[in-house]
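Me: I'm new to this one, so could you take a close look at a single part for me, the spot around the ligand?

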Amino acid sequence: MRKAVYPGSFDPLTMGHLDIIKRAAANFDELIVAVLHNPDKSPLFSVEERVNMITEAVKDIPNVRVDAFSGFLVDYAKAHDIQVSVRGLRTVSDFEYELQTAQFNQILSQGQVETYFLASSQEYGHLSSSAVRQVAKFHGDIRGMVPDCIVSKLFEKYQYKLEE
Ligand code: ADP
């Protein structure tokens, strides 16, 4: 069974993340979207909220599961018998960070966990969780940037709504 993990903060999940999930899920038997609990960051949504939101967003993709983890990704991967970590690449600055992280994980896992990169689709190359948070903070239109079930969560969080 070919399993992969897609780790990230997903604060919140965007259409860019969802695109990577769909494309990765088509290439593995099982894909686990793993929400990182990072004590150094103060997130907009709690890990539990993010797990619930992502679970709702991926409910129609049968081979995708959602989980949370803390600590080293490679430890999570080994504990769940996963050999592949999937990451998305948008820009050159993503590449620099992702290359370092992939090499770090390769060393830490002694070659047991490989990183597979998927290029972001053209329409989502500009999209990031931080941009979505910024737009929502100023009560902008985030429809089309995140799945519909997450649009309503952002409206609740920032206490606004938009005309149809
Ligand atoms: P991080 O895990 O670095 O905190 P995110 O949770 O935002 O970042 O993203 C998780 C992964 O998804 C990263 O590999 C990131 O490059 C990728 N990603 C983020 N936004 C997009 C997008 N719009 N299109 C494709 N990949 C993306």
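Reply: Let's start with a term: a polar contact is a pair of N or O atoms within 3.5 Å (within protein, one must be able to donate a hydrogen and the other to accept it, and residues adjacent in sequence count only if both atoms are side-chain atoms). Keep in mind that this is a predicted model, where local features need pLDDT of at least 70, side-chain atom pairs count only at pLDDT 80 or more, and totals for chains, interfaces and linings use all residues. Residues are numbered from 1 along each chain as its sequence is written, and side-chain values use heavy atoms, with hydrogens and water left out.

S9 brings a polar side-chain atom to 2.5 Å from an oxygen atom of the ligand. Y124 works through its backbone instead: an N or O atom there lies 2.8 Å from a ligand nitrogen atom. L127 also has a polar backbone atom 2.9 Å from a nitrogen atom of the ligand. On its own the ligand would expose 550 Å², and the protein buries 89% of that (areas by the Shrake-Rupley method with a 1.4 Å probe).

Stepping back, 18 residues surround the ligand, and Y6 and G88 are also among the closest; to count as near, a residue needs a heavy atom within 4 Å. By type, that shell has six nonpolar, seven polar and five charged residues, with Tyr counted as nonpolar and Gly as polar. At least two shell residues come from each of β1 (3-8), α1 (15-25), β4 (84-89) and α4 (92-108); these are DSSP runs, with helices (H or I) of at least four residues and strands (E) of at least two, numbered from the N terminus.
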